[in-house]
Amino acid sequence: MKLIIFDTLTGKKCEFIPINEKKISMYVCGPTVYDFSHIGNARPIIVFDTLFRLLKSIYGDNNVSYVRNITDIDDKIITAANQKNISTEELVRKTINYFHEDIDALNVLDPTFEPKATETIPEMISMISGLIKKNFAYVAENHVLFDTNSSKEYGKLSKRSTKDMIAGSRVEVAPYKKNPFDFILWKPSKKDEPAWDSPWGKGRPGWHIECSAMTKKFLGISFDIHAGGADLIFPHHENEIAQSESLHSKLFVKYWMHNGYLNIEGEKMSKSVGNIITIRELLKDYEGEILRFAMLSTHYRQPINFSKELLESSNKQLNKI
């Protein structure tokens, strides 16, 4: 069976030709576990669970390795734990359990591997050390940063100019950076924050290096599909490419796939608007199969307008089926 997919990097539909037909490899960015997962988090989970099922049906159950990570160290986690006056470990443990309960109700298959970022710290330190040695990264004020000027193809996934990269993106401005969009690989931890020993002092990894280390550990230097929400194209996935390809001088990912945004009643979902809806809240009124059907009722790359009308329509269509 010929499988045609849309590759974000080339901007074209193409035939999926795996690196190894006996070992299909796919990685999807999973949750940052600081609170209940919202319905926007459910979209990539459902979309790429569907792709996982399709790949298994084509290449065989035992020939597909699907990695979906859990980010269990992050500023948001530390902030949420402090607000609740509990340890980050306790918050993470509870939130992971909630996450699994919620997506189980959506009839999502377990991935082949579900690594936690904190389980891959040695691999991250090794990668960062390699980037420093090859002059792709530098140490400044106890931080280690990737030098984006050293990556000739930086911006190839998002197709953004330097000006566009700085404007309207999650770029942290800091005086110790050579360039505004140089990104953190390792940073010092504050007092009472989780910390690990490293050649650069006690600290913790940056967000982007986590996924590069986990993909390498479980799928190798090069693999078939990297997927996630469109909001991750820049800076997260762009930065993954830069650090991984700079270190290894090899193709990082063959195909990039991204699902579209989710709006609530026509508005972007955000805390400032106050329209965040959790999976758990919706499951009180709708069965998981209805939420899943609703998510798959719109082409996965297109924006989806999530509303009560969509859920009621999905319920009626499922009853007809």
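These legends describe close-up views of a predicted model. Local features need pLDDT of at least 70 and side-chain atom pairs count only at pLDDT 80 or more, while totals for chains, interfaces and linings use all residues. Residues are numbered from 1 along each chain as its sequence is written, and side-chain values use heavy atoms, with hydrogens and water left out.

**View 1. Phe 16 and Tyr 255 form a tilted aromatic pair.** The structure holds 10 aromatic pairs. Rings of Phe, Tyr and Trp (its six-membered ring) pair if their centres lie within 6.5 Å; planes under 30 degrees apart count as stacked, over 60 as edge-to-face and the rest as tilted. Here the centres are 5.3 Å apart, with 55 degrees between the planes. Phe 16 lies in the loop between β2 (12-15) and β3 (24-28), and Tyr 255 in strand β10 (residues 253-259). The two residues are 239 residues apart. Helices (H or I, at least four residues) and strands (E, at least two) are DSSP runs, numbered from the N terminus. Phe 16 is buried at 3% relative accessibility, and Tyr 255 is buried at 6%. Buried means under 20% relative accessible area, exposed over 50%, partly exposed in between (1.4 Å probe, protein chains only). Ring pairs also bring in Tyr 59, giving a cluster of Phe 16, Tyr 59 and Tyr 255.

**View 2. Phe 146 and Phe 183 are stacked.** Their ring centres are 5.0 Å apart and their planes meet at 15 degrees, so the pair counts as stacked. Phe 146 belongs to strand β6 (residues 143-146) and Phe 183 to strand β7 (residues 183-188), 37 residues apart. Phe 146 is buried, with a relative accessible area of 0%. Phe 183 is buried too, at 5%.

**View 3. Charged side chains sit over the rings of Tyr 138 and Phe 6.** The charged end of Lys 178 is 4.5 Å from the ring centre of Tyr 138. Arg 301 lies over the face of Phe 6, at 3.8 Å from the ring centre. A charge sits over a ring if NZ of Lys or CZ of Arg is within 6 Å of the ring centre and within 35 degrees of the ring normal.

**View 4. Lys 187 and Asp 75 form a salt bridge.** The closest N and O atoms are 3.2 Å apart. A salt bridge is a side-chain nitrogen of Lys or Arg within 4 Å of a carboxyl oxygen of Asp or Glu. By this rule the count comes to 15. Lys 187 is in strand β7 and Asp 75 in helix α2 (residues 75-84), 112 residues apart. Lys 187 is buried at 16% relative accessibility, whereas Asp 75 is partly exposed at 39%.

**View 5. Glu 123 and Lys 217 meet in a salt bridge.** The N to O distance is 3.7 Å. Glu 123 lies in helix α4 (residues 121-133) and Lys 217 in helix α6 (residues 207-219), so the pair ties together parts that are 94 residues apart in sequence. Glu 123 is partly exposed, with a relative accessible area of 27%. Lys 217 is partly exposed at 41%.
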